[in-house]
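Welcome! Let us take a friendly walk through a protein model, one topic at a time.

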Amino acid sequence: MSGAALGLEIVFVFFLALFLLHRYGDFKKQHRLVIIATLLAWYLCFLIVFILPLDVSTTIYNRCKLAVNSSPAESNGSYVTLAPSKQKCFKPWSYIPDGIMPIFWRVVYWTSQFLTWILLPFMQSYARSGGFSITGKIKTALIENAIYYGTYLLIFGAFLIYVAVNPNFNLQWNQLQTIGIAAANTWGLFLLVLLLGYGLVEIPRSHWNGAKRGYLLMKTYFKAAKLMTEKADAEENLEDIMEEVRKVSESIKYNHPLRKCVDTILKKCPTEYQERMGRNMDDYEDFDERQNSYPSEKSLAKLHKQVIYSVQRHRRTQVQWQILLEQAFYLEDVAKNESSATRQFVHTFHSQEPENKIIQYFYTPTVEWYWECLLRPWFYRVLAVVLATFSVIVVWSECTFFSTKPVLSLFAVFIQLAEKTYNYIYIEMACFLTIFFLSICVYSTVFRIRVFNYYYLASHHQTDAYSLLFSGMLFCRLTPPLCLNFLGLTHMDATISHKNTQPTAYTSIMGSMRVLSFIADGFYIYYPMLVVILCIATYFSLGTRCLNLLGFQQFMGDSEMTSDLIDEGKELIRREKRKRQRQEEGENRRREWKERYGNRDDSTRSRAVHTDQKESSFSETNASRPLSKYTRSNGRTERDRIELLQDAEPLDFNADSVNDDPLESDSGR
C-alpha cells in the first residue's frame, strides 16, 4: 500500500476539481487555456488539502522511528519494537516513502505560486481584452499588468538593495526564499481570517434556515425581485450595445480595412441581432464615396469588449431567472403538500428535463413527500447543530493554539491522544475533517461573495472567464496559509509547539520563520484571534446592515424595503406561474386533439395521397395523347366556365333586406 493512497487521492481530487469546474464554467464556449489554467489552480489547491493528512501521519511515524533509533530496540517485520517499554511503531497503511513528499510539496507549492502571481493575472487581462488578434490581446495584457508587476519588482528590488548595503544583514538564498514565502502567506492569512470568520457563522446558519420553509420562500421572492431588476438592466444594456454595433456595421462597408474587426464583433452578438443587422446591410455602397468619420481600431476593440460582457451578462441573467422560477415553484409545492392527506408529493408543473428511471423508481411521490415535508427539515437542523459545534471548536482553538503548556487547542488534544496509541486511521480522519471543515468555510465564501459584476461565480455554466481565473488566484493564495494555520492548530508546526522534533514535509519547504521573528511570533499567532470579532459581526449581520444603509438591498426581515421587494417578487412569480399554466394547457389541448383525431388525419392524408396519385396518372395519360385533342378539350372546358360566370349575378350586400328563400326571389332562374 506504500504510495497507493497518494495515487488514489491524486486521481480523485482531479475528477472533483473537473466536476466543480464543469458546473461553473462552460467547456464549449470558453477558451481552452482559461479552462486549463483554472482547472490546474483548483486542482493543486484541493490536492494540498487532501494530501496534508497523509503527511501528518507519515511524520508521526517518522518521529516514532527516530525515538526508537535513539534507544535500544529490535526490528520485527513492519514495525519497530522498543526494548524497555515494548512500544510498537506500526507503519501506517498510507505511509509515503521518504523523499517523495518534499519533492511533491515543492512542485505543487511553487506551481501554485507561479499561477497566482504571474500567469493568472496575465490571463485575466488577456481574456478580458477586446483585441482582434493574439498579438493585440497579449499587448493589452502586458500594458494592463505593467503596474501590477512593476510594483512587486520595485518592492523586491528596494529590499535587495537595502540588504546589500546594510552590513548587519547577511542573508542567504534560502533565507530570501523564506522571506518571500512569509510575505505571500502573510497576505493570504490576512484575507483567510476575514473569509473564515464569515463562513464559520454563515454556513451553520444557512443550514438552520434551510429547515424553515417560509424563510426560504420569502428569500426566493426577494431574489426574484432583485434578479428581475438586474435582468431588465442587462437587456437594456444589450440593446444599447447592439445599437452601437448596428451603427458601426452600417458605417464600415465590406471593402473597408476594418471590416474584419466588425465581422468579429458581429459573430459575438446573439443570433437574432445578427440576422437583423444582416438584412439592413448594404454592401454595394463604397465606403470612399461619403466622407464620414470612421471609428478606429482601438474604439472597435473597446466595443468588442463591451459586446462580450453584455452578451455574457444577458445570458447569465436569463438562465438564473429560469432556475429561480423552478426553485420558487418547488418551494410553493412543498408548502402546499405539507397538509396533504394522501402523503404523496404532487408537482404543479412537470419537470422539463427527463428524469432518471432508476431515481424515479426509488424516489417515488410517497418517498419524496416524507423527505421534503418531514425528514429534510430535521436533517438540516441536526446538520446545523453539528456544524455550529465545529465552528465553536475552531474559534476556541484559534484563540488558544499558541498555548503549549497546558495544551488548550482541542484539535491538538485530539491528535496527541491518537499519537500516543499510533492510531493512524483516527489521526488521518481527525486531520481530514478539521482541514476539510476549514476549507469549506473559506472556499464556500469565495463561491458566495460577489463584487458587483466584477467578480461573480454563477453555477450552471454561467461564470465568465475573468471570474474563473480570479477564483483560481484566490484559491492559490489562500490554501498555503490555510494549511499552515491547520498545522498550528494541531501543534504539528515546530514554530508553534516549540519542540525540537521532525517537522512535516510541508513545513520543511516553507523554511524556518525565525528569519522574521515578528511575523512568526507575532502576526501568525495573534492575528487569527480576530476571527472572534468577525464571527460576532457576522452573527449580528453588521455587514448586511451596512450594505443596506448604503443602498444595496439585502435580505433583512425587519426592513421595509425587504417587505416591498418580497411582495414584488411574489407578484412576479405568480405572473410567471400563470404563464406557465397557460402554456401547459395549450400543449395538453394539442396533445388531446392529436390523440383523438390523429387517426382520422392519417386516413384523410392517405386518401388525399391516393387521389393525387390517380390525378397524376390521369394527367400522364392525357399528356400521352395527341396535342390537338388536349387543346380542344381544354378550350371547351374554358368556354363552359366563362358561360357559367356570365350567368351568375352578384349579391348586393348593401340592400335593405336579403331574401333567404330562393323560390320567392325575382332574380332567380
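Helices (H or I, at least four residues) and strands (E, at least two) are DSSP runs, numbered from the N terminus. This is a predicted model, where local features need pLDDT of at least 70 and side-chain atom pairs count only at pLDDT 80 or more, while totals for chains, interfaces and linings use all residues. Residues are numbered from 1 along each chain as its sequence is written, and side-chain values use heavy atoms, leaving out hydrogens and water.

An unreviewed UniProt entry places the feature "coiled-coil region" at residues 224–251. UniProt positions follow the numbering used here, feature names are shortened, and annotations may be inferred rather than shown by experiment. In the model, residues 224–251 are 100% helix and 0% strand, with 40 Å between the end C-alpha atoms.

## The nonpolar cores

In soluble globular proteins, nonpolar side chains tend to be buried together. Buried means under 20% relative accessible area, exposed over 50%, and partly exposed in between (1.4 Å probe, protein chains only). A nonpolar core is a set of buried Ala, Val, Leu, Ile, Met, Phe, Trp, Tyr and Cys residues joined through side-chain atoms within 4.5 Å.

Which residues touch the most other members of the largest nonpolar core? They are Trp42, Trp105, Leu200 and Tyr506, out of 97 residues in that core. Helix H2 (residues 32–69) gives the most to this core, with 22 residues. Apart from it lies another core of 18 residues, including Leu266, Cys269, Val307 and Val311.

## Salt bridges

Side chains of opposite charge can pair when their charged atoms come close. A salt bridge is a side-chain nitrogen of Lys or Arg within 4 Å of a carboxyl oxygen of Asp or Glu, and the count here comes to 14. In one of them, arginine 316 meets glutamate 230 at 3.1 Å, N to O. This pair links distant parts of the chain, 86 residues apart: arginine 316 is in helix H9 (residues 297–337) and glutamate 230 in helix H6 (residues 213–251). Is arginine 316 buried or exposed? Arginine 316 is buried, with a relative accessible area of 7%, and glutamate 230 is buried too, at 13%.

Another salt bridge joins arginine 259 and aspartate 263, with the closest N and O atoms 3.2 Å apart. These two are separated by about one helical turn, because they sit four residues apart in helix H7 (residues 259–268). Arginine 259 counts as buried at 10% relative accessibility, whereas aspartate 263 is partly exposed at 32%. Salt bridges that share partners also join Glu230, Arg316 and Arg450 into one network.
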